[in-house]
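User: I would like to go through some labels used for a structure and hear what each one rests on. Please set each value against its cut-off.

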Amino acid sequence: MSSLRVLPPVPCAPPLGALLRRYAAGSAVTCEPVDEGLLNRGYRLRTTRGRYFLKHHFDPETADPAAIVRQHRATRRLAGLGVPVAPPLPDRDGRTVAVVGGHAYALHPWIDGRHRHGGQLTPGQCARLGALLGAVHAGLERVMPAPARTHGAPAESADPADTLTLIDELLGRVRRHRPADPFDALARRRLLERRTLLERHAGRRPPRGGAVGWVHGDFHPFNVLYRGSTPAAIVDWDRLGVQPRAEEAVRAAAIFFVRPSGTLDLPRVRSYARAYRRGAGATPAQLAAAVHRVWWERLNDFWMLRWHYERDDTRADSQFPATAALVVWWSREYDAVRAAFTG
């Protein structure tokens, strides 16, 4: 996640009466917000006929009803292949998107489960996670139309000159922030550190990404529900799209397997990556190129600081210490990280 977008205000409670009349789901008993998620909103809904997850699609980039229908179609087809997902429920007319008051909603079955970070997984469970993402990529290749030649074309990698300009702008914002606090001190230290790293590695800017395909787009611990040791459902398909597939595998590992100190658990990464390569049919060379591009992406990315200083949005602040430390460690241990993904 590297772009800065202005999100709409937090919406009010969903219009349950109008929504539930569209479904054979009974009458609402309780409706509680689900805290996870930085973009769209979800509700834990209990009715006279059962438990459901109600999703309010209001992020401007993903709330187009046609795009939501495409997501729903993909999850239904993946479920048919045995991929653990939670496809939406159709309403009385067979539609899976309900537009009420100009807002788009979808009703899903409630899935009991919990989120698990990579550090909570055994080596065998890490391999199962990698195989799961490989199955997602292979399955999407089967159930989605082949991408058009220009669809999802890999973007140019970040220009370090632009990033150095952004670092100077953020340092100015840190300097002017009052009252100064410990977050400011950490931000300043990491920005100065990143500037040094960029100047050292400016000649390693990668070319455009590798082969593209349909991907989940946001595969991380809050979007995988476990029941015991088994993945019960992959949720939140808002970012379904065409991107370099191997890069999603690397990004996911950098979230699942980062330690609080900002290092990657490389033995777990190795188990995960081997299983992913088998499941997706990816080669070590493809993973090596993806490691390089994601490293470069992280080296040039400051979305958490931009949220904090440009939008006064602190929801991602807790992620910043480990994420910032990871960039430094990854730059130092580059060869070991690449070997974990390719060996």
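User: Where is Asp-312 found?

Analyst: Asp-312 is found in the loop between helix 9 and helix 10 (320-332). Helices here are DSSP runs of H or I with at least four residues, strands are runs of E with at least two, and both are numbered from the N terminus. This is a predicted model, in which local features need pLDDT of at least 70, side-chain atom pairs count only at pLDDT 80 or more, and totals for chains, interfaces and linings use all residues. Residues are numbered from 1 along each chain as its sequence is written, and side-chain values use heavy atoms, with hydrogens and water left out.

User: What makes Asp-312 count as exposed?

Analyst: Buried means under 20% relative accessible area, exposed means over 50%, and partly exposed is in between (1.4 Å probe, protein chains only). Asp-312 has 65% relative accessibility, so Asp-312 counts as exposed.

User: Why are helix 5 and helix 9 called oblique to each other?

Analyst: Helix 5 (residues 182-201) and helix 9 (residues 303-310) pack at an angle of about 140°, with their axes 12 Å apart. Axes are lines fitted to C-alpha atoms, for helices over the stretch in contact, and angles run from 0 to 180 degrees between N-to-C directions. Angles under 35 degrees count as roughly parallel, over 145 as roughly antiparallel, 65 to 115 as roughly perpendicular and the rest as oblique. Helix 5 and helix 9 are therefore oblique.

User: Which residues make the contact between helix 5 and helix 9?

Analyst: Helix 5 contributes Phe-183, Asp-184, Ala-187 and Leu-191, and helix 9 contributes Leu-305, His-308 and Tyr-309. Contact means heavy atoms within 4.5 Å.

User: What makes the pair of Trp-295 and Tyr-334 edge-to-face?

Analyst: Rings of Phe, Tyr and Trp (its six-membered ring) pair if their centres lie within 6.5 Å; planes under 30 degrees apart count as stacked, over 60 as edge-to-face and the rest as tilted. The ring centres of Trp-295 and Tyr-334 are 5.4 Å apart and their planes are at 75°, so the pair is edge-to-face. Trp-295 lies in helix 8 (residues 284-299) and Tyr-334 in helix 11 (residues 334-342), so the pair ties together parts 39 residues apart in sequence.

User: Are these two residues buried or exposed?

Analyst: Trp-295 is buried, with a relative accessible area of 0%. Tyr-334, at 8% relative accessibility, also counts as buried.
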